[in-house]
Amino acid sequence: MPDLAVGFSGIAVSPGTGAGPVHRLAPPPALPAPPGPPVADLAAEAARAAAALDQVATDLEQRAGGATATAAEVLLAQALIARDPVLAESVAGRVLDGEGAPWAVDAALREQQAVFRDLGGYLGERAADLDDIRARAVALLLGLAMPGVPSPGVPFVLVADDLAPADTAQLDRSSVRALVTARGGPTSHTAILARALGIPAVVCCTGVLDLADGTPVVVDGTTGDVRQIGADEAERLQEEADAARLTAAAVTGPGRTFDGHPVKLLRNVGSVDDLADVAGDDGFEGVGLFRSEFLYLGRTTAPTPDEQEQAYLALFEACRGAKVVLRTLDAGADKPLPFLELAAEDNPALGVRGLRTSRRRPEVLADQLGAVARAARATGADVWVMAPMVSTVGEARSFADQVHALGLPRAGAMVEVPAAALQARRLLEVVDFLSIGTNDLSQYALAADRMNGDLADLLDPWQPALLQLLAMCAAAGRDAGKSVSVCGEAAADPLLAPVLVGMGITSLSMSGASVPAVRAAMASRTREDCEGLARLALDAVDARSARAGVAERCRS
Amino acid sequence: MTRREATIGSRVGLHARPAAVFVKASAAAGVPVRIGRPDGTLVDARSMLGVLALGARNGDTVVLESSGEGADDALDSLVALLEQDHDEPAPADA
């Protein structure tokens with residue numbers, strides 16, 4: 001019998017399997033063209049409009065109660081807008097002039113949006129925030145489905161065109177089994193959030209919006225497949241996935257293959273807060289990427305050397321003697337920092353960013369390295385320091401000299417530019433280690449903007465060209481006897497991780513939530529298995545067949 | 001009529017959280033308060049939309065007006081609020 005099941009394919013961005021009924025993020029309500037039906041009781045209609053805005057504010061306040069501090073602040077500011085007395089007056093005035101409540105609310109908020117857009121800048125961006133308030137109030141008044149994340153009362157698979165930060169503020173693992181979006185790319189907000197929450201997710205999945213609410217599907221966040229199935233099968237697959245997750249969590253201790261070959265599983269972190277849970281984690285092996293930007297963001301002046309030293313002391317102490325790889329300041333025209341005073345550029349991704357900023361402001365790097373060295377000396381921590389956006393051996397040598405001169409024994413180069421991957425052997429003659437940032441390396445190797453959803457397929461970490469660059473770096477590391485790690489999100493894919501190890505990658509760094517599944521994936525394979533998977537992936541002609549081939553070999 | 005001037009102390013300007021804090025305090029002031037640019041029209045200080053639309057940045061001067069019993073005290077505390085810096089550094093991102 002032919003397989004009539006409906007299937008879709010997108011880009012896998014958060015590993016694991018989730019199954020259950022689809023519920024779509026409701027689109028904004030459609031408001032019929034004005035004028036609406038004539039209003040009989042103007043006062044009652046005005047009260048109805050006021051009650052709707054009040055309800056929207058109450059809902060926003062309730063959502064804030066369950067959200068993180070940052071999200072709660074955004075939601076509470078939105079609630080204040082919904083309760084704005086001047087807005088209420090404007091709506092009431094329109095109703096008393098004969099407009100129906102939904103049209104009055106719509107018009108009053110659109111008028112305010114126009115004011116914000118005209119003012120531009122920060123307020124121009126805030127204009128979009130008013131869309132959510134308007135859509136919610138209009139939906140209430142027309143009796144339509146509330147836009148935003150549905151609450152069907154059972155665990156479900158959330159399907160959306162794309163997700164906005166406001167939509168995702170309250171997502172949680174217990175109610176959302178998987179996320180699928182029709183748009184978005186591997187580095188989109190949805191992808192990052194799903195990985196942080198540990199929810200399986202697929203993005204850029206064309207056609208998925210055609211699935212009706214309630215349709216049972218299974219989502220494979222490792223291969224990118226989304227398939228319509230029976231309701232019973234969905235429950236069974238979800239139970240299996242839950243069991244697999246528990247099994248993965250039961251594999252503890254440092255990362256190693258089945259035959260005991262060690263593979264360090266490290267964490268990507270952005271602040272000391274990300275390390276709050278390591279005290280009770282016997283599998284914590286250290287930090288593979290510490291993004292040091294947090295010290296600098298939102299500053300108009302550089303942090304003082306002393307302030308930096310204190311921050312690094314806190315970080316090194318939080319690592320409890322484990323290895324910590326610190327990336328020096330990664331800023332540029334795309335991640336601007338006011339005090340660097342860098343000029344605006346036509347092509348910021350190709351401009352003065354990462355280590356290149358030290359051409360103009362060498363003292364910023366010198367201050368940072370000095371503070372790191374003092375904090376390392378004071379704590380005796382195992383500190384490795386690496387520079388972002390290295391393109392030449394000369395850049396790497398001068399960075400390594402600077403690091404070594406301060407008494408820091410380990411200086412490394414990040415491989416994000418194809419030129420660095422091509423020069424991996426020579427780089428390893430002047431630095432102590434390499435760390436590959438796969439997100440940027442994809443962007444530069446495939447010439448595809450990380451933020452451009454239309455090009456998301458080019459940014460797939462299984463692209464043969466990217467895999468070849470990774471293999472070159474790994475081989476260079478093996479020959480030099482030096483560490484080569486992967487710290488992009490490719491390392492977090494339990495299917496790709498064994499491929500990387502098979503190439504000769506020595507450590508993998510990822511968000512803390514991704515570690516258990518990767519640890520379990522490593523523990524079930526020998527090093528020889530991994531080498532076989534690496535050959536299979538490198539022989540494939542395209543990303544899809546590379547992933548499918550490895551997935552099939554892993555199942556058999 | 002009581003009138004005061006205040007210099008915005010918040011690093012991000014009278015936006016987001018500082019604006020929310022100010023609007024809530026104005027609503028709780030017990031007297032009607034209006035706020036604006038020294039050379040512009042004044043808006044209801046309880047209106048989040050109106051306060052945001054002022055676009056007041058760090059270091060900008062704004063004018064507060066009120067009348068009635070307790071207006072002096074109310075404006076004193078609102079001026080103090082506006083001149084304070086409520087902000088913490090922005091959260092880290094990759």
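Among contacts in chain A of this predicted model that link residues at least 6 apart in sequence, 68% join residues at least 24 apart. For chain B, residues 24 or more positions apart account for 69% of the contacts with a separation of 6 or more.

The make-up of each chain is set out below.

| Chain | Helices and strands | Residues | Buried |
|---|---|---|---|
| Chain B | three helices, four strands | 94 residues | 34% |

**Chain A, helix 1**

Helix 1 of chain A covers residues 42-65, a run of 24 residues. Its end C-alpha atoms are 35 Å apart, which agrees with the 34 Å that the helix should span at 1.5 Å a residue. The buried residues of this helix include the alanines A46(A), A49(A), A52(A), A57(A) and A64(A). L53(A), V56(A) and L60(A) are buried as well, and E45(A) and R63(A) also belong to the buried set of helix 1.

**Chain B, the sheet**

Read from the N terminus, the elements of chain B follow the order β-α-β-β-α-β-α. Four strands of chain B form an open sheet in the order 1-4-2-3, and their pairing is antiparallel. Strand 1 (2-7) and strand 3 (43-44) of chain B are the edge strands, each pairing on one side only. Strand 1 of chain B is joined to strand 4 (residues 61-66) of chain B by six bridges in the antiparallel sense. Opposite V63(B), in strand 4 of chain B, stands E5(B).

Notes:
Residues are numbered from 1 along each chain as its sequence is written. Chains are lettered from A and ligands numbered from 1 in the order in which they are written. This is a predicted model: local features need pLDDT of at least 70, side-chain atom pairs count only at pLDDT 80 or more; totals for chains, interfaces and linings use all residues. Two residues are in contact if their C-beta atoms, placed from the backbone, lie within 7 Å. Two strands pair if DSSP finds at least two bridges between them. Helices (H or I, at least four residues) and strands (E, at least two) are DSSP runs, numbered from the N terminus. The expected span of a helix is 1.5 Å times one less than its number of residues. A residue is buried if 20 or more other C-beta atoms lie within 10 Å of its own, exposed if 12 or fewer, and partly exposed in between; C-beta atoms are placed from the backbone.
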